[in-house]
Amino acid sequence: MIEVRDLTINIEGKHITQHVDFTIPRGRITSLIGESGSGKSMTVSALLGMLPVDAKVSGYVMYEGRNVLDASDQEMESVRKQDVFTIFQDASNSFNPSVKMGRQLYAFSGERVGDTIDVFNEKMKLILDQLGLAWDVVEQYPFQLSGGMLQRCMIACAFYVEPALLIADEPTSALDMVLQKEFIQLLIRLNEERNTTILLITHDLDIVAEAAHEMAVMQQGTIVETGTVETVFSNPHHAYTKRLLESRF
Amino acid sequence: MISKWVGKRMVMGIVVLFIVSFLSFFIMQAAPGDPAAAFYGGNAQTLTAAEKERITRAYALDRPVAQQYIAWLGETVKGNLGTSSKEGRPVSEIIMERLPNTLLLFSVTMFFIIIGSIWLGTVAGMREGSIWDKGLSTFSIATSSIPAFWLGILFIYFFAVSLGILPSSGSGDVEGNGGVIDKISHLIMPASVLIVTHVGIYARFLQESIKIENSQYYVKVARANGVTESSIRKGVVRNASIPYLNYIAMTIPSFFGGSIIVESLFAWSGIGQLTVKAVTTKDFPLLMGSIMVTGILVVITLFIVDLIMYAMDPKMRKGGAR
Amino acid sequence: MKSRKALLFWCSLLGLIVFLTVFSNMLAPFSPNEMNMDDVYSAPSSDHWLGTDHLGRDVLSRLLEGGKVTLAVASGSVILSLIIGIVYGGISGYFGGLTDTVMMRLLEALITIPALIIILSFQAIIQGGMWGMTLLIGLTGWLVTARIVRSEFIRLKEEEFVKMANMFGTPVWKILWGHLLQNSIPAIFVVTLFNFAGAIFMEVSLSFLGIGIPPAIPSWGNMLYYAQNDILIGAWWIALFPGIMIFLTILSINFIGEAWKNPKRRRVND
Ligand SMILES: Nc1ncnc2c1ncn2[C@@H]1O[C@H](COP(=O)(O)OP(=O)(O)OP(=O)(O)O)[C@@H](O)[C@H]1O
Ligand SMILES: [Mg+2]
């Protein structure tokens, strides 16, 4: 679905990523894994066409035969609105602090797909319930909720929208083990039932093993290894990947 | 929550008014001549002994200064601001005649400044790097460098002397021949002078706040996920307007200062012109009264701005800080 | 690069204005107080480049001399408010705690009283001359400086090198002077620059109201005081030129201040 070729991002003379190559096949769960600061979130920004203004970028990000990096702002806006949902890494700053959650959840989900408030209320209640959240959250402001609750609110919107492509940047970082497991199950169900393509960014190899089909390993701004999860796990090539796998057990 | 917050603001306002009252009282004490004369007014000779006796007792004029202050404060709170030494009328009466004009000028100018600056600031702040963005910065520095009263003099030259389409001074009279039109024609020049010299800096402050708000993480998240531009904009402007309101609150005192001068230039018969007149004619009771009233006006305005800020910022309302 | 050129331009303009006014004695074509009753209200001409006023005095000469007075009053008062602001803000910021709370509450209260009102009331009583005005403007203009100094001191106090100095028993005055104050200079400089513009505004406003500098001494504000009547009979030149000088002076100060402001410290007022 998305092909990243030779993606190099440069900010103020500093290389953030260099010659990044990987593919996100349609209908699969692809996992991007790598150390902190290796450029994962920046790569996501590039996929969305939302790099900082001072970023210099070269290479290709092909989406349905078009290079996202050359697309106009309007084009990207409509692509993001129609096909993609992104759960950002920092959930606690992902909501406007002075607007009630209910309105924001609606803007992220119901309004986007053209549902009325009533339809939204009904559908969202079910999803929140599945994620262990009470309906009360819609009456609260973001600063009254915990980081994990906010993360689940974002996840709820993603499940509501059922986008063609779901990008999730460390979506479970603030969740406990039980919730994390449930989320992974929901993610797998979304992929199987709705055929949603998923890019899952994580530090956690257990999650990769459980959910992902494909994986790419990133280190210091470069992709050091790609392949299906089985091949990489059974036969890692790069020293960094080996270290990662060893530390798992 | 609200009652505690309001209480805190009230205490602050009362402290300010106390300082202003010290200042007023100090003027009376320091004024040349007998401080008591201030209360007798210009027609001290015509008062009967009984009346003098009554005034002396009311203001504790035969007692130590501290007691005089308390007595004076008591009278002031009751609304008795003494008698003008030049006009021989109660100060409160004179001020009440003037107050509507000052309130009119203040509310009209503030209304247009706020509307104009929100419009300019939003347009410029939302289009970072555009001509609007860069132009507004220059425009605001340039216009805020113009002395308002000088612009007023130029306006008088063009619109009153050369073109003769607007009156050069006075504040018009709704009951007179001209009616409302007359009032408006007198209002146009003082109001527009204040608007032109102030709208820029307020707009610029909002523009900067919007730019800062626009770079927040939540805006990026919303843009990435197809939230409509209009609702993103609404959220951004709303959040940016809290520091903007705070800025208005901080500059209100100097704005009042500026309008004193403009009132004098256009002989707009408001509190500002009255204050200046009291200084030049050394009418101390009148001066004390107008200072007190200006202080009260500032405190009330700040209180209103604070209330709006409080209503707009849920974090303040819920007292929640993460 | 472009902003650098702009900064140079505004600095030169301000320098030129200061130069013209400081050397007004030598540069002025006439004595600023020389009256000529046969030549009142004459429009700009080759004799009087900027015309003459209601007493036949040369506007250009008065403009230069008046600038000297206005700028001297502004400079004097800015120095005074700088000293008060540093002492007040420094004490508040360095000692912190209850001292700080009380001092800042007082400052907040004072800041809500229009400075013009305070000066007006004192002028009513003392009716001071040029230096009295300087004193009054200085005594009312230190509030923002104090606030900036305080926040700078609080910020610097937490810095590693100041904590180290404290640990090594460096004398307090040395820490205050050598570490805290010297590192606050950039911020203090910017606020002082804006203060200077504010002081000019204050002087011209008061003199314009006829309660500032005694009318016998020419100043930009005083010239405008007479100009409000002169304009009614069409003598525009008496009003135009002092205003332009004030405008250009304040404009260059504001642009210099903007250029100097660290973009990260943009909201000086916070
Ligand atoms: N706005 C920015 N401007 C300049 N450099 C940035 C910016 N944002 C991030 N960086 C730099 O880009 C590099 C990659 O950051 P990125 O956020 O993509 O890392 P990451 O792989 O997502 O790490 P983590 O696992 O901690 O989220 C880092 O070195 C960071 O310092
Ligand atoms: Mg990241």
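**Salt bridges and a helix pair**

I started with K277(B), which is partly exposed at a relative accessible area of 34%. My cut-offs: buried is under 20% relative accessible area, exposed is over 50%, and partly exposed lies in between (1.4 Å probe, protein chains only). This is a predicted model, where local features need pLDDT of at least 70, side-chain atom pairs count only at pLDDT 80 or more, and totals for chains, interfaces and linings use all residues. Residues are numbered from 1 along each chain as its sequence is written, chains are lettered from A and ligands numbered from 1 in the order in which they are written, and side-chain values use heavy atoms, without hydrogens and water.

Next I looked up the partner of K277(B). I found a salt bridge to E87(B), with the closest N and O atoms 3.9 Å apart. The term takes a side-chain nitrogen of Lys or Arg within 4 Å of a carboxyl oxygen of Asp or Glu. E87(B) lies in the loop between α4 (65-77) and α5 (91-126) of chain B, and K277(B) in helix α11 (residues 271-280) of chain B, 190 residues apart. Helices (H or I, at least four residues) and strands (E, at least two) are DSSP runs, numbered from the N terminus. E87(B) is partly exposed, at 36% relative accessibility. I noted that a salt-bridge network links E87(B) and K277(B) with R89(B), E93(B) and E97(B).

I then checked the total: 21 salt bridges over all chains.

R28(A) sits in the loop between β2 (14-24) and β3 (29-34), E214(A) in strand β9 (residues 214-219), 186 residues apart. Is E214(A) buried or exposed? E214(A) counts as buried, at 17% relative accessibility. R28(A) is partly exposed at 33%.

Last, I looked at helix α7 (residues 148-162) of chain B against helix α11 (residues 236-260) of chain C. Their axes are 10 Å apart, at an angle of about 150 degrees. Axes are lines fitted to C-alpha atoms, for helices over the stretch in contact, and angles run from 0 to 180 degrees between N-to-C directions. The two helices are therefore roughly antiparallel, a label for angles over 145 degrees. Among the residues of α7(B) that meet α11(C) are W150(B) and Y157(B); contact means heavy atoms within 4.5 Å.

Notes:
Angles under 35 degrees count as roughly parallel, over 145 as roughly antiparallel, 65 to 115 as roughly perpendicular and the rest as oblique.
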